[in-house]
Amino acid sequence: MNEKLKKAYERVGLSENVSREEINKRFDLLLKRRRSKASDDERSAPEEDFQAFKFILDSLDEQEIQEAEQQRLAKYGKLSGFASKWERFMRLYKTHVIVSIIIVIVLAVGGNALYNNWQHKKYLASLPPVDAEIMFLGNFGVQDPDGKTDDLEKAVIAQYPDWKRVEASIVYLPQTGPGSDTFDMNYMQKAVVELAANQPDVLILDEATLEWIGGQDGFGNLEAVVADGAIAKDDSRLKWGKNEETGKEELYGVDITDSPFVSALPLNHNSKNIIIGVLGEDENKDKLISFIEKIAGKSPAQK
């Protein structure tokens, strides 16, 4: 017991081992005497006694807290001292610790993402350039249970080895009923966005989707496959349409439903007719024409 506490007990006339109950009784008597005093001078006389009682009671509270803390930490045995310091540290710096942990996690995740991105870029740089981007638009689905198009891209290259790398995408556009105007509006909006954003080189679609798009409009002219003699001009598989700008009939699509190319693709579909076309006129046009000539082949009548 420190000297100040001893003097506090002496001030109020109590022994140092007195019970808390006795201290409380003596304090209550002090309050009653103070209320019974008449003058202000008499009221102020025992102020030091009040301060002494306050110090004693505060000391007892602190002692009880320490004893309770020791009992709580007793389960840690020899490590109780370390546990106490750790809890005190966490009380003082809990927010700082949490923020630091979050920063470390963010840096770790961000660093890992940057590393993975670098690795992915490195992998892409090692690949041959993309020969063509092919979009399947309509009631199509990949057979891969994870929805990936890797097997589909490999199948395209296997059918046309002149290309070393293609990127394929599927834009699902199912019909909700008979006719070309019975698509779900949400799917139609998504299809329009995908076409505008990705601008594929080759478009493979079912006939219902072709009717919805509107025939020749937007497609590139494929008459080179006729001029080269790859397909006869009167072949029933050819899709002709009027170019609104020139007013001329142009070949914009070829029906490849029965071709070995389609049957070799890992696709799920229930389309009666599958048409292939190219979008626009660009520097890859000759390469795309060669691709269509190869996969479309000659009709049974030409063979």
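Student: Which residues form one aromatic cluster with Tyr 160?
Tutor: Trp 163, Phe 261 and Phe 291 form the cluster together with Tyr 160. Rings of Phe, Tyr and Trp (its six-membered ring) pair if their centres lie within 6.5 Å; planes under 30 degrees apart count as stacked, over 60 as edge-to-face and the rest as tilted. Before we go on, note that this is a predicted model: local features need pLDDT of at least 70, side-chain atom pairs count only at pLDDT 80 or more, and totals for chains, interfaces and linings use all residues. Residues are numbered from 1 along each chain as its sequence is written, and side-chain values use heavy atoms, leaving out hydrogens and water.

Student: Thanks! How many aromatic pairs are there by that rule?
Tutor: The count comes to 10 aromatic pairs. One of them is Tyr 115 with Trp 118, which is tilted because the ring centres are 6.0 Å apart and the planes sit at 35°.

Student: Is Tyr 115 buried, partly exposed or exposed?
Tutor: Tyr 115 is partly exposed, at 46% relative accessible area, and Trp 118 is partly exposed too, at 47%. Buried means under 20% relative accessible area, exposed over 50%, and partly exposed in between (1.4 Å probe, protein chains only).

Student: What about Tyr 172 and Tyr 187, how are their planes arranged?
Tutor: Tyr 172 and Tyr 187 make an edge-to-face pair, 5.6 Å centre to centre with 90° between the planes. Tyr 172 belongs to strand S3 (residues 166-172) and Tyr 187 to helix H7 (residues 185-198), so the pair ties together parts that are 15 residues apart in sequence.

Student: New topic: which residues of H6 are buried?
Tutor: Leu 152, Glu 153, Ala 155 and Val 156 are the buried ones in H6. They cover an arc of only 160° around the axis, so they are on the same side of H6; the arc is that of the directions from the helix axis to the C-beta atoms.

Student: And what is on the face turned away from them?
Tutor: That face of H6 carries the exposed residues Lys 154 and Ala 158.

Student: What covers the buried residues of H6?
Tutor: The cover includes strand S1 (132-138), S2, S3, helix H10 (260-264), strand S7 (267-269) and helix H11 (285-296). Here contact means heavy atoms within 4.5 Å.

Student: Where is Lys 148?
Tutor: Lys 148 lies in the loop between strand S2 (140-142) and helix H6 (150-159). Lys 148 counts as partly exposed, at 48% relative accessibility.

Student: Last one: where is Leu 79, and is it buried or exposed?
Tutor: Leu 79 is in the loop between helix H4 (47-73) and helix H5 (80-126). With a relative accessible area of 55%, Leu 79 is exposed.

Definitions and conventions: Helix = DSSP H or I, 4+ residues; strand = E, 2+ residues; numbered from the N terminus.
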